[in-house]
Structures are given as C-alpha cells and as structure tokens.
Amino acid sequence: MISSQRQHLILSRLRTRGAVRITALSEELGVSAMTIRRDIADLADKGLLKRVHGGAVTTSSLLAEPLFSVKSQMDIGLKDAIAREAVNYVSPGDVIAIGGGTTAYVFAQHLLESRRSSGITILTNSLPVAELVQALESKDVEVIVTGGVISRSNSLVGPIADKVVASLRVNTVFLGTHSVSIPRGFLMPNSLEAATDMAMMQIADKTIILTDHTKWSSTSLSLFAGFSDVEAVITDDELDPEDSQRTKELVKTLVLAHQNSAEDNSEERDNVDE
C-alpha cells in the first residue's frame, strides 16, 4: 500500500471514529509505527488532522467526540499517572461522583483497587464505571447510576440524568474534560454532557478535574466549568511550562502527576493518611 492509500485510510478511520492510534493503524496496515507517524505528520501539515500523544484526532474537534473504545486505548500511561494521584483525594466512607470519559474510568479502576474505596458510595453517569463496580467481588462499594441518554463516550446525559443528580449530594465529583481553554475553563463537545457535568458540580462540595496535557492544545463547543469553580486540576508532568504557569494563576490547585513515580507516591500517601 502506497503512502496516499494509507493516508486515505487514516482519514477514513478518523471520520468514523474521531480518533486513531498509531499502534492500531500499524497492525491493521502491516507497516511500522514510524511509517504511520510520518503519514500522520504529513496529514497534520496539510491541516487534515491533529496529532496527539499516541495517535491523531479529527480537526473538527469542536463537535467530534471519539468513541469510548478508541479513547480508552490512547495516552494510557498519562491516564494511569493522573488516576493514581486522584485516588489520594478519596477517603474511606466518602460519597463521590465520577463523570464520563476514559480518564475518569481509569481513575475508578485505581480507586476500586485501593483501600480508600472501603465503604464509599459512587454516583456516576458512566456506564463503564457502573459496570466496574458491579463486577466487584466485594459489595463494600455502592453505586448509583443516573439514567439518561447514552452519548458516544458511554455516558448517560440529558434531562433524566440531570434530574436524578439534582436530588442527591456528594463530597467530591471527579470529571474529565475534552479541552482546557485559558482563561475560560473546561469544555465538552456534547452540550448535554456539559449540562450533566454542571449538574454534578452543583451537588458536590468540591470538583476535581482529571485531564492529560494534550487537552490544553484542543478546543470544544460547550463550557461546563470555569477555573474558579474547581478545587483542583490533576494532569501529567508533560504539560507545557507556559500552560502550567498560566493555569496555576487561575486555579486553586494544579497537580502534575509523574508517570514513573505515581504508584510509589500513592502508596506512600496511603500509609501516611491511614
């Protein structure tokens, strides 16, 4: 397959999925990852896609939301680091909310493997998170699912979800975001999902945003939170220094999770807190 054919296929995959992974394309096309990187770089130079860590996303990111199954395979190391750090913001017996998206899902995975999940109650509009809790052998964790319309990110959104959320109260809500805009705040491509995120923030004592550094270089349609509305932003240590400094000036707490030492730091904090 020549370069133009590969690039045509890459664009085709982007139109249907919203995002692609280099490793998946390499396996599908039977070429090296370096060849796919060159194809993606060429398409990016032409303005036909946008490069991100581990793959590419469509340039129509204002309205496009990649499928959960695609996004869950991208930036795994970054999400792990962020998730491990976020676990430190939960205490046994807490009542928390977890929003949709893959970073929030990875956070739920790490939380449920931690002793900090003992006796907690989770309100979620994420079907994958609900399934995680349901699959637990231990029944020490209670899950409440909002109901609603299913989005491309496997989240339940809309008026039904918002009504259920409004009737409850949580200590902390953990939310992902599609993009970070300075100085505006946090945005999603789906206005219904943005509204449900806002509803969860309104019933929470504090809000924590979980997002990797690539979200600072993207944009989206619907604003759901300003920097002053959140307690903390947890991202990875690959965040551009300029973006890091500007964000620190706007938000109460900015945490840069270290990919290599995240697990050790989490264990140390568990020991100290307990």
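Predicted model: local features only at pLDDT ≥ 70, side-chain atom pairs only at ≥ 80, totals over all residues.
A salt bridge is taken here as a side-chain nitrogen of Lys or Arg within 4 Å of a carboxyl oxygen of Asp or Glu.

Arg 6 and Asp 39 form a salt bridge in which the closest N and O atoms are 2.6 Å apart. Arg 6 belongs to helix H1 (residues 3-17) and Asp 39 to helix H3 (residues 33-45), so this contact ties together parts that are 33 residues apart in sequence. Both Arg 6 and Asp 39 are buried.

A salt bridge also joins Asp 212 to Lys 215, with 2.8 Å between the closest N and O atoms. Asp 212 has a relative accessible area of 0% and is therefore buried. Lys 215, at 15% relative accessibility, likewise counts as buried, because the term applies to values under 20%.

In the pair formed by Glu 231 and Lys 252, the closest N and O atoms lie 3.2 Å apart. With a relative accessible area of 26%, Glu 231 is partly exposed. Lys 252 has a relative accessible area of 63% and is classed as exposed, because that class comprises values over 50%.

Conventions
Residues numbered from 1 in each chain as written. Heavy atoms only, no water. Helix = DSSP H or I, 4+ residues; strand = E, 2+ residues; numbered from the N terminus. Buried < 20%, exposed > 50% of the residue type's maximum accessible area, 1.4 Å probe, protein only.
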